[in-house]
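Here is a short briefing for a reader who is new to this structure. Look over the sequence and the model, then read the points below.

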Amino acid sequence: MSIRCRSAECWCRWPIDRAIVWVVVAVWGMHILPTFPISAIGFILAMVVTGLPVLPVPAVAMTQPDTRPSISPIRFEPYQLVTRAHGTIDAELGVLEVPRRHDQPDGPTQTLRMVRLRAVHPTAGAAPVIYLAGGPGGSGIDAARGGRWPVFDAVRQHVDVILLDQRGTGRSDPPPACPRPGVAPLRNDSVMTEAHYLDAVRRETMRCVTWWRSQGVDLGAYTTLESARDLDMIRRALGVPRVNLWGMSYGTHLALATLRRFPRAIQRVVLMGTEGPDHTLKDPRDADLLLRRLAEWTARDTIARTLTPDLEQALRDALRSLEARPLPAMVPGPPGVGGPMMIGAFDLQLVVAVALGRTQTASLVPVMLAMVQQGDASLVAQLIGGLREGLLRPAAMSLAMDLASGATPARRTLVMKGEQQSVLGRALNFPWMALNAAEYGVPDLGDAFRAPVRSDVPTLFVSGTMDGRTPPANADEVRRGFPHSFTLLLDGAGHDDDLWLASPRIAPVLSRFFSGDRISSETIVTPLLRIPAPPGSARD
């Protein structure tokens, strides 16, 4: 349930999170940044790791002989990686054909494309790094074109870096987009409750699945285990005994699955924003904790605290108000997504749940609540239009990946208990708790896939304390099975670009780790979130 966007990891876990690409929030007379009017700002609402020394691990052969049939080397050719702000980089474009279903090696194939950045000053014994983008659905190639390029550049100084477009993403044969519905799936002249949303999502998801089948799309080919086997085929096609894995968000989920299946083929791992094997469904307690942290920051902000002295109470008050008296608003867009609409309590829960994912969007929450208290739902409406678009137009690869990964019964129980207590109710995981993989022809990977991973491979966990998608609690849970692990905790950083760019110290740590240098766990304090100014005012 995603659409393309320029942000490298704008494809976060939720379909509604990935829905908003560039949302231009237009509120008359309101200033979001100190010197720029809100109508001039396009906010990327992209929906929507102690200290043991580790020496370089020599690239030795696997202890068990590889009896699988040999595969052809990857076809590399010269390629120009054009970045948006750092010029053109000499690179190589590689192509590899893999089975669409690895258990059917003689069946249809899937094309994988990747860009290799050759090491500037190669480190002896260091394995090539395969970068795994988030989403699922993000492009590894596009991830290096934007503001994250300096981090990739720092790592490729000493090791080869392979920017992979995973199967079904970017240039690796993505399935066609589901057509827009012919009839508006949601009505705009009445309040859309959770039940209304869920009914429409189920109906539109089945419509898209039926259409994909008519186009020959094999949804069962898009699972994390199929992608993990792709990675080992890439390793073999590169002719190397081991590779390093560098995952971001969903990419960490894939990295962990690969490490479990091919433990001797991995030299080192970096997990940025950890999503463990059983973390597809989010813990509502983490969202409530993040809301409390945001409330603490709001209380320290001289302007924001005049809007919402008690952020948590302001959210509860706004939800009660919208439950009793929905607010009218207007949003441009096709029927069912844009136009005049009534904003209700579940709309606000969805918007806040998505906004908490990143510091840039979390900063909108105090302003949004203050506006609702004043009877103005225009900002909520600006965001809910994009969320509806994403909910009602799923993307094949990301839909199948998430459904296949699923959750254990224990995880579902934890989530359901949390939903009963959370101020966000069921919005945080909407609609995944109600969707069944088998109903849409997607294989469930099973609880063995979702069991904890245990590994002696040196692993670096990078987490942000304001990350509303992959909170530090995820990394803490996964680390229990990693005796040779390290943490880089970014105090104040959110998801997405924050995990890369919140501090200039991040890139050197990653570079040293992949080079096999000695590192230690550490915490980096990043700049505080800047709360927007209220409508009709400006900061000093």
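## A buried serine, and what surrounds it

Ser-227 counts as buried, because its relative accessibility is 2% and the cut-off for buried is under 20%. The model is a predicted one. Ser-227 sits in helix α5, which spans residues 224–238. Leaving aside residues up to four places away in sequence, Ser-227 touches Arg-167, Leu-254 and Met-401.

**Nonpolar cores**

- The largest nonpolar core has 60 residues, and Tyr-197, Leu-294, Leu-315, Ile-343 and Leu-348 touch the most other members.
- Helix α10, residues 345–355, gives the most to this core: nine residues.
- Leu-315 touches Leu-291, Leu-348, Val-352, Leu-369, Val-423 and Leu-424, not counting residues up to four places away in sequence.
- A second, separate core has 56 residues, including Val-209, Ala-228, Leu-271 and Val-478.

**Enclosed helices**

- Helix α10 is largely enclosed by the rest of the structure, because 11 of its 11 residues are buried.
- Among the buried residues of α10 are Ala-345, Phe-346, Asp-347, Gln-349 and Ala-355.
- Helix α18, residues 506–514, is also largely enclosed by the rest of the structure, because seven of its nine residues are buried.
- The buried residues of α18 are Ile-506, Ala-507, Val-509, Leu-510, Ser-511, Phe-513 and Phe-514.
- Gly-516 follows α18 and has a positive phi, near 90 degrees.

**The largest cavity and Lys-282**

- The volume of the largest cavity is about 60 Å³.
- Its lining is made up of Lys-282, Asp-283, Asp-286, Ala-287, Arg-411, Leu-428, Gly-468, Arg-469, Pro-471 and Asn-474.
- By type, the lining residues are three nonpolar, two polar and five charged.
- Lys-282 lies in the loop between β9 (266–272) and α7 (284–300).
- Lys-282 is buried, because its relative accessible area is 6%, and buried means under 20%.
- The side chain of Lys-282 reaches the backbone oxygen of His-279 at 3.2 Å.
- Lys-282 and Leu-414 are 132 residues apart in sequence, and their C-alpha atoms are 9.6 Å apart in space.

**Backbone exceptions**

- Most peptide bonds are trans, and most residues other than glycine have a negative phi.
- A cis peptide bond joins Gly-135 and Pro-136, with omega about 0 degrees.
- Pro-136 is placed in the loop between β6 (129–132) and α2 (140–143).
- Another bond, from Phe-430 to Pro-431, is cis with omega near 5 degrees.
- Pro-431 is in the loop between α15 (409–421) and β12 (459–464).
- Asp-173 has a positive phi, near 50 degrees, and lies in the loop between β7 (161–165) and α4 (194–214).
- Ser-249 is buried, with a relative accessible area of 2%.

Conventions: Residues are numbered from 1 along each chain as its sequence is written. This is a predicted model: local features need pLDDT of at least 70, side-chain atom pairs count only at pLDDT 80 or more; totals for chains, interfaces and linings use all residues. Side-chain values use heavy atoms; hydrogens and water are left out. On a 1 Å grid over the protein atoms alone, a cavity is a set of points where a 1.4 Å probe fits but cannot get out, and a pocket is an open set with protein on both sides within 12 Å along at least five of seven lines; lining residues have an atom within 4 Å of a point. Grid points are joined across faces, edges and corners, and a volume is the space filled by probe spheres set on the points. Ala, Val, Leu, Ile, Met, Phe, Trp, Tyr, Cys and Pro count as nonpolar, Asp, Glu, Lys and Arg as charged, and the others, Gly among them, as polar. Buried means under 20% relative accessible area, exposed over 50%, partly exposed in between (1.4 Å probe, protein chains only). Helices (H or I, at least four residues) and strands (E, at least two) are DSSP runs, numbered from the N terminus. A polar contact is a pair of N or O atoms within 3.5 Å; within protein, one must be able to donate a hydrogen and the other to accept it, and residues adjacent in sequence count only if both atoms are side-chain atoms. A nonpolar core is a set of buried Ala, Val, Leu, Ile, Met, Phe, Trp, Tyr and Cys residues joined through side-chain atoms within 4.5 Å. Contact means heavy atoms within 4.5 Å.
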